[in-house]
Amino acid sequence: MESKKRQLLKTLFLTLILIFSSINNVVFSADKKFPQKIKWKTDPNALEYKVELRKIGGKSTFTKTTGSYMELSLPAGDYEYRVYVYDILGRESSVSAWKKFTILKAAEPEISVQEEKSRLEKSESDLSIDVAISSVTRESTVELVNVKTNEKVKGTLQIEKTSGKSGGETERATGITFQSVESGEWKIRITNPSGLSSESVPIRIVEPEPVIVAEEIQTEIPKEQKEEQKEEPKKPNEEIQPEIQQNEIAEKTEAEQKQKPEPEKEIVIVEKFIEPEPKLDERQPKFIDNETEPTFLEDGRSFTLKVDADKVSEESVVELFDEKTGETVRGKITVRAVKVTFPETREGNWKLRITNTGGKSDTAKNIVAVGENPANREERIRSEEEARLRAEEEARRIAEEEEKRRIEEEKRRKKLEPYKCKDIFFMVGGGIGAKIYDGTLTDYDSSALDLTANAQIFYLAWKWKWQRLGFGLSSSYFTLDSGTSYYETNSRFITALANGIYQVAIVPEKEFIQATVKAGPSFLMRKISFSDNGYGNTQEDSSFFGYPTVGLGLSFFVIPMKFFAFEVGVDYTHVFMNGFKTGIIEPRIAIGLRL
């Protein structure tokens with residue numbers, strides 16, 4: 001019973017391991033990403049580029065960039081794009097033609113080997129293996145990998161004829177051919193262009209058996225033998241025992257046939273020839289000498305460089321590379337690398353490198369200084385100066401047009417929009433002044449209340465929805481008259497104060513509670529006339545006094561119309577006279593203009 005439980009637990013444990021491995025493989029495959037990028041030639045006069053991208057027959061999307069490439073993340077399908085170029089003024093200067101490209105599906109190949117044992121073909125060590133491979137493409141690579149030595153042998157896939165372009169790595173292969181394979185234990189490895197690969201189970205490859213495919217040519221019995229057999233006399237007992245006679249003749253004929261030499265056979269050998277892959281050039285290239293100061297050709301982009309190098313061929317790769325930026329430019333060479341032509345090259349200092357098809361390379365010691373053809377310099381400078389002047393003239397013209405549009409827009413706005421007030425107020429009004437303590441001014445005035453006049457100007461510099469803050473000037477004026485039968489006093493009291501104003505809105509932009517703080521000088525001008533009690537003799541005495549003054553105000557401030565303001569409130573003024581302190585309460589009302 002316990003052994004069954006242990007067996008059940010082992011089975012469950014192995015099942016969990018297999019499920020976890022499957023999930024891990026799925027997640028890993030789903031996370032694998034493949035880079036997608038489109039590139040275009042840069043324009044030295046371009047400010048930026050706009051890329052129009054669309055799926056064939058679909059809607060376009062637009063992307064702006066300052067670089068010469070754009071990274072993509074697109075599903076499989078056929079697409080096309082074109083690039084708009086914008087100059088330094090932000091105007092569209094050119095647009096490229098539509099360019100098409102295809103995003104293919106990436107898949108992991110699946111291998112199914114029909115036999116786990118295969119025999120080499122003839123003495124050339126060729127090998128053909130029947131397999132069933134799915135999720136591949138004609139560009140997929142296949143190779144045999146030795147299980148023990150890890151040696152690799154490249155092969156050729158046999159793609160089904162019915163397979164065609166299907167939008168990715170989705171074709172099928174039915175066989176693989178290899179050359180120069182040794183016996184042993186090998187695995188088949190398939191790698192797609194996307195980088196995904198898979199391996200088969202180990203296959204045992206054995207030496208070939210001699211197989212001859214031939215066709216034997218049959219010969220007829222000679223005519224003389226037939227005639228001899230025909231003319232042979234019959235024996236007496238043949239008529240009596242015909243069956244025995246026929247058996248003897250058949251045995252005799254068979255014996256004679258065995259004694260005769262066998263006729264020559266025509267042997268037909270069937271061969272299957274596979275064209276070998278091109279052999280890589282494993283030689284080590286060597287620079288002998290090279291030109292160091294080439295110039296651009298007439299197009300200003302490409303140039304031809306004189307180079308002397310050994311052990312190279314037309315298939316060798318020759319390139320310029322910039323050690324600082326890593327930029328490379330590939331060129332085309334002739335036999336022995338007498339001349340190399342480089343297209344689309346910029347000015348600068350470059351290194352020269354040659355690489356053979358086998359991967360071996362050599363780098364020149366000399367620095368190639370790529371410059372401009374002196375014959376083209378003057379023409380280039382003239383063209384650049386003309387382009388600069390045209391750009392400046394265009395910029396000036398655009399600026400003038402922008403200024404004209406701005407002025408016209410301002411005029412149009414002023415016509416459509418009314419005058420906007422700046423919240424500067426001029427207020428005038430009047431009130432009643434009452435002296436409230438010390439009674440110093442009662443020496444100059446016999447009345448308890450006097451009429452006053454007031455004026456103020458202020459500016460609300462800081463404005464919010466519910467609050468406003470400003471500053472200004474204010475002035476009040478009232479008369480003080482008194483007298484007896486012997487003298488008469490006529491006084492004028494004037495204030496000139498600086499104001500700080502704070503308003504809180506009751507109705508925004510319309511009604512406010514206003515508080516005012518005041519400070520400044522006040523002036524008292526007094527004139528006294530004396531008489532001799534009816535005898536007609538009079539004398540006059542005039543005096544002028546100045547006193548520091550402070551004050552507070554609280555009022556209700558209303559803007560009933562755009563250019564009209566109204567205020568009603570009360571002010572308190574404190575006058576610091578010599579040795580005395582006098583206070584004045586002034587209820588007042590004022591109206592004014594708003595600018």
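Predicted model: local features only at pLDDT ≥ 70, side-chain atom pairs only at ≥ 80, totals over all residues.
Strand E14, comprising residues 184–191, takes part in several antiparallel pairings. With strand E11 (residues 141–146), E14 pairs in the antiparallel sense over six bridges. Within this pairing, Thr 141 lies opposite Thr 191 of E14. E14 is also joined to strand E16 (residues 203–206) by three bridges, again in antiparallel orientation. Here Gly 184 has Ile 205 of E16 as its bridge partner.

A further antiparallel pairing, likewise of three bridges, links E14 to strand E15 (residues 197–199). Thr 191 faces Ser 197 of E15; Thr 191 of E14 is also the residue opposite Thr 141. E14 and E15 together form a hairpin in which five residues separate the two strands. In the turn of this hairpin, Gly 195 adopts a positive phi of about 100°.

Arg 468 is located in strand E27, which spans residues 467–483. The relative accessible area of Arg 468 is 2%, and the residue is therefore classed as buried, the cut-off for that class being under 20%. The side chain of Arg 468 makes a polar contact of 3.4 Å with the side chain of Asp 423. Leaving aside residues up to four places away in sequence, Arg 468 touches Asp 423, Leu 460, Trp 462, Lys 463 and Ile 501, and also Tyr 502, Gln 503, Glu 509, Phe 512 and Ile 559.

Methods: Residues numbered from 1 in each chain as written. Heavy atoms only, no water. Helix = DSSP H or I, 4+ residues; strand = E, 2+ residues; numbered from the N terminus. Buried < 20%, exposed > 50% of the residue type's maximum accessible area, 1.4 Å probe, protein only. Polar contact = N/O pair within 3.5 Å; in protein donor to acceptor, adjacent residues only side chain to side chain. Contact = heavy atoms within 4.5 Å. Pairing = 2+ DSSP bridges.
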